[in-house]
Amino acid sequence: MKKLLQKRVLIPFLALTIFFSGTAFKSDFFEIAKQIEIFTTLFKELNMNYVDDTNPGDLMDTAIKSMLADLDPYTNYYNEQDVESARINNAGDYTGIGANVLTLKDRLVIVEPYKGYAADKAGLKAGDEIIKVDNVTVADFKDDAGNLLQGGAGTRVEVTYVRQGKTENATIQREAVDIHAVPHYSMINENTGYIVLRKFNAKTSAETKSALRDLKNQGAEKLILDLRGNPGGLLREAVNVTNIFVPKNQLVVTTKSKVEKYNKTYYTKNEPMDTEIPLVVLIDGASASASEIVSGALQDLDRAVVIGARSFGKGLVQRPKKLTYGTQMKITISRYYTPSGRCIQALDYWNRDENGKATRTKQENYNAFKTKKGRTVYDGGGVQPDLELDETKLSPITKAIINENLIFKYGTEYYYNNTVTDLKDFKLTDTDFKNFKSFLKANDFNFETKTEKAFADAITVAKEEQLDTEIDANYSDLISSLNTYKNKAIDKNKDQLLSLLSDEIVKRYFYREGLYTYYIANNFEIQKGVEILKNPNNYLGYLD
């Protein structure tokens, strides 16, 4: 009885200790302590008395993830392996097989082998599906199977994989892999430089400075900075990259939180490299977080012309918090605001729709702000480019094709059925597009529009009200019209789809290095940037 009493006193006492020692005192703190005691008691009774054996670790993992799912998708729990993966991502280097790998339930798919690294040297190709790592079957592995491929430099790993229906084996010798934040930079023409930023890790600003220095030595008097597809990363590196182009002591970003110590202003701290070089920044719907800080700040300061498509719209800031036993959580602590005062967060995770999905800020609810020169910019929906390009914005049907991984899968099929030896001569034809449409059909691609879903919901209600016989014929006509539209929509998006297919296929033959070479000669956004930079009056016209 005495021990039981001690336990009952100890649990709320520990809870009180945790919250008193935290960074923010909660007025409802006794309620929190009460709920912790209830949960602890429930967890103990469940594991002791449930009819079948339970796994406390799995149950707790489910409980934590279910709780966090009600918040935003960036507040996450990390076990020991996840913590190491996050460290690798921020450091920009790791030890492994040297490939971008997609983890599925029953297999690991090689998305992109890095040229000259272990997986490439072992002969693995994009599209290979790893089903076994050493003696572990991927389908039977409960944790992140991608971790099975990591290990010390020089160690070997045996993999069994499926390629085009055939099962094969390979031995890969792991090695240190250096993932560059700047995977490519080059001269587009005699006076225009081009720098690609893949992510914002600890090396980003240093690599960007080095690239710019080299390009200027080669004669660069104008610059295109490519942030397309860049998911972000370290906030301080976003400030440092902005600092390359704007003066010292310039406000770049502000963070605001309910916890006072997280309310911060970030100013540039160093002397810039070049505050005058004409600058175009490319963004798209996958440019997020730190990418939006850079593009938003350069736009607010009238320092660059931003072109492409509206960015992702992630205006939330996370910070890791250490937990016990080597685990961590990443928690959203604040929102960030660009120099003009706008927050570009697009999704509202705290006011969800009837299906539990985050709602998107409507355009009529955007607020107007002013850049340094008085141009109007808006919050609420990502960074809106100074020049929006239809070619950059993905259509709904293109998004659906990408989400079903069909661009990637067709790239694999094309690679094994065609030979490409000269990058300069590569160009997809109308016949290739026709083959792609047949490929979509063979893979049962079925794009459901919002209109189609609404009609389906309406016919369900009509059946309940016994009105379906009255509207059946009309409904069939509507569905037929929608199917006709969907077939036409694929043709309407031909240029966009061919561009995405070309990018994927070029990587198969010439790696990512070849893709950037192909971009410079063929990419529409880059060509548009060059066009803007060619005419000083045109360039300045966007900034006035």
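Mentor: What follows starts with the cavity and then moves on to a few other spots.

Keep in mind that this is a predicted model, where local features need pLDDT of at least 70, side-chain atom pairs count only at pLDDT 80 or more, and totals for chains, interfaces and linings use all residues. Residues are numbered from 1 along each chain as its sequence is written, and side-chain values use heavy atoms, with hydrogens and water left out.

On to the cavity. Rolling a probe the size of a water molecule over the atoms shows where empty space is left. Here a cavity is a set of points, on a 1 Å grid over the protein atoms alone, where a 1.4 Å probe fits but cannot get out, and lining residues have an atom within 4 Å of a point. Points are joined across faces, edges and corners, and a volume is the space filled by probe spheres set on them. The count comes to one cavity of 30 Å³ or more, and the largest cavity holds about 130 Å³.

Its lining is made of V111, E112, P113, K125, A126, Y415, E504, K507, R508 and Y511. Helix α14 (494–522) and strand β4 (108–113) each supply at least two of the lining residues; helices (H or I, at least four residues) and strands (E, at least two) are DSSP runs numbered from the N terminus. The largest share, four residues, comes from α14.

Now for some backbone. Most residues other than glycine have a negative phi. N249 has a positive one, near 70°, and sits in the loop between α7 (235–243) and β13. D302 has a positive phi too, near 55°, and its loop joins α8 (290–300) and β16 (305–308). N249 is exposed at 57% relative accessibility, whereas D302 is buried at 7%; buried is under 20% relative accessible area, exposed over 50%, partly exposed in between (1.4 Å probe, protein chains only).

Strand β13 (residues 251–256) also contains K256, which is partly exposed at 48%. K256 is 60 residues from L316 in sequence, with their C-alpha atoms 9.7 Å apart.

Definitions and conventions: 1 Å grid on protein atoms, 1.4 Å probe; cavity = no way out; pocket = protein on both sides within 12 Å on 5 of 7 lines; lining within 4 Å.
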